[in-house]
Amino acid sequence: MQSRLRVQGHPIQPMLVTFPYGLFVSAVIFDLADVLGGPVFLGEVGYWSAVAALAADALAA
């Protein structure tokens, strides 16, 4: 099955799949840092990182 979305002949879906993984990992790291006594804003950064990961996941699907 050929992907219809391409950049210079290369399919972009495999490139988009890696973003949610990285965002979910960073969300977990930020949440752990918040739970372990880091600054309060780390919890919010983790939350928005998870939201961005879900949006990127929907885009990649």
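This is a predicted model: local features need pLDDT of at least 70, side-chain atom pairs count only at pLDDT 80 or more; totals for chains, interfaces and linings use all residues.
How confident is the predictor overall? The chain averages a pLDDT of 86, and 93% of the residues score at least 70. Among the elements, strand β1, residues 6–7, has the lowest mean pLDDT, at 73, while helix α2, residues 41–60, has the highest, at 92.

Now, what does the record say? An unreviewed UniProt entry annotates residues 9–61 as "domain: DUF2231". That span, residues 9–61, is 81% helix and 4% strand, and its end C-alpha atoms lie 20 Å apart.

Let's walk along helix α1. It covers residues 13–35, so to speak 23 residues in a row. From the first C-alpha to the last, α1 reaches 34 Å, close to the 33 Å expected at 1.5 Å a residue. After α1 comes G37, and its phi is positive, near 105 degrees.

So how do α1 and α2 meet? Their axes come within 8 Å and cross at roughly 160 degrees. An angle over 145 counts as roughly antiparallel, which means α1 is roughly antiparallel to α2. The crossing of the two is left-handed. And which classes of residue make up the contact of α1 with α2? There are 19 nonpolar, 5 polar and 3 charged residues.

Conventions
Residues are numbered from 1 along each chain as its sequence is written. Side-chain values use heavy atoms; hydrogens and water are left out. UniProt positions are given in the numbering used here, feature names are shortened, and annotations may be inferred rather than shown by experiment. pLDDT is the predictor's confidence in each residue, from 0 to 100. The expected span of a helix is 1.5 Å times one less than its number of residues. Axes are lines fitted to C-alpha atoms, for helices over the stretch in contact, and angles run from 0 to 180 degrees between N-to-C directions. Angles under 35 degrees count as roughly parallel, over 145 as roughly antiparallel, 65 to 115 as roughly perpendicular and the rest as oblique. A crossing is left-handed if the near helix is turned anticlockwise from the far one by less than a right angle, and right-handed if clockwise. Ala, Val, Leu, Ile, Met, Phe, Trp, Tyr, Cys and Pro count as nonpolar, Asp, Glu, Lys and Arg as charged, and the others, Gly among them, as polar.
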